[in-house]
Amino acid sequence: MSGSGGGYSVPRKTLAELEKERAAKEEGEKFETELNKYIKELLKDINDRDVEGINRHLETLRSALEKDIEGYVDLKFGGSIMKNTYADGLSDVDMLVQINNSELAGATPNDVLKFFSEQIKRRLPNTEVKIGKLAVTVKFASGHEVQLLPSVKTETGYRIARPGENSWSNVIKPKKFAEKLTTVNQANANKVVPLIKLMKKINASFPPHKQLSGYHIESLAIDAFKNSTSVPKTYKGMVEHFCRHAEKAVLRPITDSTGQSVHVDNYLGGANSVERQRVSTTFKQLLKRIETANNTNSFSSWKSILEGE
C-alpha cells in the first residue's frame with residue numbers, strides 16, 4: 001500500500017486542448033466587443049430625431065389650440081420625451097396639454113378632445129387627426145406623430161381623462177415616475193435609458209397583439225435594474241437580463257406610480273391572463289434566439305434581433 005495516500009490526480013490538459021480553449025476565449029471576447037460597439041452605433045441612429053421639425057409642429061399646434069379661447073394653453077413634454085426614452089420612429093411625441101383659466105376647464109374630456117380635433121383640422125385641413133380614448137393624435141406628412149393629452153388644472157395639480165369614463169382622473173404625478181427612472185438610470189452608468197430604446201426597437205418587431213406599451217417597457221426596466229450591483233454592465237448583457245426579467249414579470253400587473261391608473265399594464269388583463277402568457281412566451285422565444293446567437297458567436301443573428309428582423 002502506498003504511503004502517498006493514494007490521492008486522485010486530475011489529468012492535465014494537452015497543449016492542443018489549452019490552445020483550443022484560448023482561441024475560443026479570444027473569439028468570444030472579440031464577438032462581445034464587436035457586438036457592443038455595433039449596439040452603440042445603433043443607438044446613435046435611434047437618437048437621431050428631428051428636434052427642429054418637432055418644435056415647428058408643436059408651435060403650430062399650440063397656436064391652433066389657443067385660438068378662440070380665453071386663458072392660455074401650455075404644452076408640456078410627457079411620455080418618452082420627458083423621460084428621455086424617445087426613439088425616433090418608435091415613439092410618439094407625447095404632449096400634456098395643460099388648460100389654464102379657460103372655458104375648457106369645466107368641460108368633459110370628450111368635449112375637450114373634440115375641441116382639440118376641430119381646432120387642429122381647421123388649421124391643418126390636410127393633416128391626419130384622430131381622436132382616441134385619452135388623446136388626439138396628429139400625424140404630420142414629415143412622419144412625426146404628436147399625441148395631445150388634455151389635462152385640467154385643479155388646486156392640487158392636473159387631472160387627465162379616465163379611459164372609457166368621460167371623467168377626469170385623480171391628480172397625476174408624471175414627474176414621480178421620471179425621477180424614479182432617472183435614479184435607476186444613473187445607478188447603472190446611464191445605460192438604462194438607452195437599453196429602453198433598444199427594447200422599444202425590438203418590441204416594434206413583434207406582432208401588434210404581442211407588443212408592450214412604451215410605458216410598460218419603461219416600468220419593467222426600472223424593476224429589472226433597480227439593484228444595480230447584481231446586473232450586467234454591457235448593453236448585450238442588459239438586453240439579455242431585461243428579457244429574462246420580462247418573461248416572468250409580464251405575468252403580473254405593475255402598480256402605476258403616476259396616478260393615471262391602478263396599473264401600468266391594464267391592457268393585458270389580470271395576473272396570468274391569456275394576453276400576459278402570450279407576451280411571456282414571446283420573450284421566451286426571444287431568449288432562445290439570443291442563446292443560439294451566443295452559442296455560435298453569431299454577430300448576424302444578434303444584429304437581426306436588435307434590428308427587429
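Helix α8 covers residues 235-249, 15 residues in all, and runs 20 Å from its first C-alpha to its last, close to the 21 Å expected at 1.5 Å a residue. That expected span is 1.5 Å times one less than the number of residues in the helix. Helices here are DSSP runs of H or I with at least four residues, numbered from the N terminus. Of the 15 residues of α8, 13 are buried, so the helix is largely enclosed by the rest of the structure. "Buried" stands for under 20% relative accessible area, "exposed" for over 50%, and "partly exposed" for what falls in between, with a 1.4 Å probe and protein chains only.

A word on the source: this is a predicted model, where local features need pLDDT of at least 70 and side-chain atom pairs count only at pLDDT 80 or more, while totals for chains, interfaces and linings use all residues. Residues are numbered from 1 along each chain as its sequence is written, and side-chain values use heavy atoms, with hydrogens and water left out.

Next come the aromatic rings. Rings of Phe, Tyr and Trp (its six-membered ring) pair if their centres lie within 6.5 Å; planes under 30 degrees apart are stacked, over 60 edge-to-face, and the rest tilted. The count comes to four aromatic pairs. In one of them, tyrosine 38 and phenylalanine 299 sit edge-to-face, 5.5 Å centre to centre with 75° between the planes. Tyrosine 38 belongs to helix α1 (residues 15-46) and phenylalanine 299 to helix α10 (residues 299-306), so the pair ties together parts that are 261 residues apart in sequence. Tyrosine 38 is buried, at 15% relative accessible area, whereas phenylalanine 299 is partly exposed, at 28%. Elsewhere, Phe206, Phe242 and Phe283 make up one aromatic cluster.

Those three names turn up again in the lining of the largest cavity, together with Met199, Ile202, Asn203, Leu212 and Ile217. A cavity is a set of points on a 1 Å grid over the protein atoms alone where a 1.4 Å probe fits but cannot get out, and lining residues have an atom within 4 Å of a point. Helix α6 (residues 192-203) gives the largest share of this lining, three residues.

Asparagine 272 has a positive phi of about 60° although it is not a glycine, and it lies in the loop between α8 and α9 (274-295). Asparagine 297, in the loop between α9 and α10, has a positive phi too, near 50°. Most residues other than glycine have a negative phi.

Key
Helix = DSSP H or I, 4+ residues; strand = E, 2+ residues; numbered from the N terminus. 1 Å grid on protein atoms, 1.4 Å probe; cavity = no way out; pocket = protein on both sides within 12 Å on 5 of 7 lines; lining within 4 Å.
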